[in-house]
Amino acid sequence: MSDEKEKKSLVKRLFKNEEGSAFFQRLFKSNKDKSGFISGKESRRISKANSKIIKQYEAQKKRKNVSESEYVTEMKDPKNIVEFENLHTYFFTDAGTVKAVGGVTFSVPQGATVGVVGESGCGKSVTAFSLMQLVAAPTGQIIEGSEIRFRSTVYKEQDGQKVPIYEYETDENGAEKIKERQKLDKRGVPLRDKQGSVLIEKVQKTDHNGIPLFETEEKVYNVAKMPTEIMRKIRGREIAMIFQEPMTSLNPIFTIGDQLDEVVLLHIPGATKESAKKRTYEMLKLVGIIPENVYKRYPHELSGGMRQRVMIAMVLACTPKLIIADEPTTALDVTIQAQILDLLRDIKDQISGSIMLITHDLGVIAEMADFVVVMYAGRIIEMGTAKDVFDKPMHPYTIGLQKSKPSVNKQVDRLYSIPGNVPNPINMPAHCYFKGRCEKRIAACDGEYPCIIDVSSTHKVACHLYMDENTAKEGK
Ligand SMILES: Nc1ncnc2c1ncn2[C@@H]1O[C@H](COP(=O)(O)OP(=O)(O)O)[C@@H](O)[C@H]1O
Ligand code: SF4
Ligand SMILES: [Mg+2]
């Protein structure tokens, strides 16, 4: 019998057969009953409602000449560089609202590495994109009431101009005065005014690469309220992001040198082609690359590990205060992974910045993080110092993650995997999102979503097991 005939006869037999027919009936019925199933009419209704909401949010972001008082704020703790408070980021899709991040509160202290960990799809990247104002708009929006405070070092401005830092010298009377020199044209010839007098200019301080320096000041911005045009000044210069796949950020048709120089020219005022190249060389050396070997090469000519190093050099070129590394080593093999993590650690100290390290791999977090934030289905379920979370994990999900982490000291036949799936993000239940997968659930878990409680001054968990002494003892 031909394949086609065999298939037809099998389907016929299944329909005739009682068990087969019941199977098809169940299949069609379950498709209709699926909670995610919506009719065309319903989808059109959602789409109409969404476009109204989206319009409002987009108009808010595109406002021009907004007074600073609307988005300049104060840090709750001056030791932090970032504070997320009650962050909600939703996607208004035609199938319904995807609550990708549903009320996240945590901070990144100055000089620290904060690891954000959780299974794929739990909202780690959306949290980071919210901080960069890079959530996929117009469907993706940071919801009213969210706050993302970022301590930024911005250029001081007077009458719309950056304020230069000048060189000083002492005059013949011993008084300090700004150093002056003859103004030259491009060929080095002194410039003169109409009367023929030589023009004089004040000497601006430069760094060791010859890039002129300007006065800066600190400002705390609420990124959730900041118009896009202001955000553009911070993005890339103050907060920079390293992705899993460096090819997404490197342009295949330009050389490494051209791309790095371009970043410096774009973000550092006063940089010239010559000083930008000097800075590029310096950054390449910092990430362990011999500049002459890669400056004229194209991205595809480098290995994955080298490309990731170039990406880190690119990020460093602007001396950001915060580096977001989103699964930076996931695409690399284990030895290269370790080298890149070492590099990130060194660099953080050199620029005295902070790192927000996003990964699904608890092993990477253990290597690097001072603080750990564990996310599940768009919410934080546990957080604390690395010691808190690794030595004394409390939430059943964190315990499950620990068990599923490969270890060199322990021989296991099969890695543990947490059974079950994350609930549908469009229809989140009112109870604990982990309930369907939790082996320790108790009666209280049928009730409201557990609030986050302090276990110690640094350790927090959201689980009914720890709501009070009595409930903790009832754990199954
Ligand atoms: N552009 C988008 N449109 C709709 N849903 C999205 C979009 N981007 C992300 N999501 C949803 O947001 C949730 C969180 O995604 P993400 O932050 O990328 O997860 P991860 O923790 O793996 O980084 C997921 O449920 C994902 O499906
Ligand atoms: S609240 Fe209940 S269901 Fe949720 S993780 Fe804790 S014990 Fe499990
Ligand atoms: Mg991600």
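1. Helices α6 and α7 are roughly perpendicular to each other, because their packing angle is about 115° and angles of 65 to 115 degrees count as roughly perpendicular, under 35 as roughly parallel, over 145 as roughly antiparallel and the rest as oblique. Helix α6 covers residues 256-267 and helix α7 residues 273-286, and their axes lie 9 Å apart; axes here are lines fitted to C-alpha atoms, for helices over the stretch in contact, with angles running from 0 to 180 degrees between N-to-C directions. The crossing of α6 past α7 is right-handed, a term used when the near helix is turned clockwise from the far one by less than a right angle, anticlockwise being left-handed.

2. The contact between these two helices is made on the α6 side by Gly257, Leu260, Asp261, Val264 and Leu265, and on the α7 side by Lys273, Ala276, Lys277, Arg279, Thr280 and Met283 (contact: C-beta atoms, placed from the backbone, within 7 Å). Sorted by class, the contact of α6 with α7 holds five nonpolar, two polar and four charged residues, where Ala, Val, Leu, Ile, Met, Phe, Trp, Tyr, Cys and Pro count as nonpolar, Asp, Glu, Lys and Arg as charged, and the others, Gly among them, as polar.

3. The model is predicted, with local features needing pLDDT of at least 70 and side-chain atom pairs counting only at pLDDT 80 or more, while totals for chains, interfaces and linings use all residues. Residues are numbered from 1 along each chain as its sequence is written, and chains are lettered from A and ligands numbered from 1 in the order in which they are written.

4. Helix α9 (residues 304-316) and helix α10 (residues 334-350) cross at roughly 15°, their axes coming within 10 Å, and α9 and α10 are therefore roughly parallel to each other. Helix α9 also passes α10 in a right-handed crossing. In this pair, Gly305, Gln308, Arg309, Ile312 and Leu316 of α9 meet Ile336, Gln339, Ile340, Leu343 and Ile347 of α10, and by class that contact has six nonpolar, three polar and one charged residues.

5. Strand β14 (residues 239-242) is covered on both faces, with Ile239 and Met241 buried on one side and Ala240 and Ile242 buried on the other (buried: 20 or more other C-beta atoms within 10 Å of a residue's own; exposed: 12 or fewer; partly exposed: in between; C-beta atoms placed from the backbone). Strand β14 pairs in the parallel sense with strand β15 (residues 322-326) over four bridges, pairing requiring at least two DSSP bridges, and Ala240 has Ile323 of β15 as its bridge partner.

6. The chain has 14 helices and 20 strands, which are DSSP runs (H or I, at least four residues, for helices; E, at least two, for strands) numbered from the N terminus.
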